[in-house]
Amino acid sequence: MRRSPAFFVRCAEIVPSPCCIASLSVIGSRKRKLVHATGEKSVLVIRRLRCTACRKIHHELPDCIVPYKRYESACVENVITTEPSEVDVAADNSTLYRWRSWFCSMATYLLGCLESIAIRFYLDVVKESSAPSQAAHHRFGRYVGDADGWLARVVRPVANSNLWVHTRSAFLSEAL
Ligand SMILES: [Zn+2]
């Protein structure tokens, strides 16, 4: 089976394929479960798209999704950003721990992706603050701002640039 990471598409937006920067044709859809902070689940219908150049299959990725995570991105963001005692997500402690570990291990890579995307597209990036010992998520503020939804704003360009990697480690046994 040929697997490729999902990537972001907005309905009204024409996004080129992340593999060949070619056009995409819609060839169907699949269902994807999404878990909310309350623990409630919903099912999203995700379009399957085919690159017209190399025929690779991609899946669109709405803003609420972090690739390979079952919980919506706002939950993951909440857990990464909030003190453990104040987290408001119905998930067990091992899941919360795994998300934090995932984010810590990915942060440097993701920052590198954003940096290279900024250079490629000549984007102005806010100068790095000189304040020492910033929490990992604060370092993303200069690229995507620190308002709610920042994790989705990090995921989107990285996934669209075909740079998303699926890390598997001791902390990441299954896609949670
Ligand atoms: Zn392609």
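**Exercise 1.** In which sense do β2 and strand β3 pair, and over how many bridges?

*Solution.* The structure is a predicted model, in which local features need pLDDT of at least 70, side-chain atom pairs count only at pLDDT 80 or more, and totals for chains, interfaces and linings use all residues. Residues are numbered from 1 along each chain as its sequence is written. Begin with the terms: strands are DSSP runs (E, at least two residues) numbered from the N terminus, and two of them pair if DSSP finds at least two bridges between them. By this criterion β2 and β3 (residues 57-59) pair in the antiparallel sense, over three bridges. Within this pairing, Arg-48 stands opposite His-59 in β3, while in the hairpin, with five residues between the strands, Arg-55 takes a positive phi near 70°.

**Exercise 2.** Describe how β1 is paired and how far β1 is covered.

*Solution.* First, β1 (residues 24-35) pairs with β2 (residues 41-51) in the antiparallel sense over 11 bridges. Next, locate facing residues: Ser-25 stands opposite Arg-50 in β2, and Ser-29 stands opposite Arg-47 in β2. The two strands form a hairpin with five residues between them, and Gly-39 in the turn has a positive phi of about 95°. Finally, β1 is hardly covered, since the count of buried residues (20 or more other C-beta atoms within 10 Å of a residue's own, with C-beta atoms placed from the backbone) among its 12 residues is one.

Note on methods
Helices (H or I, at least four residues) and strands (E, at least two) are DSSP runs, numbered from the N terminus.
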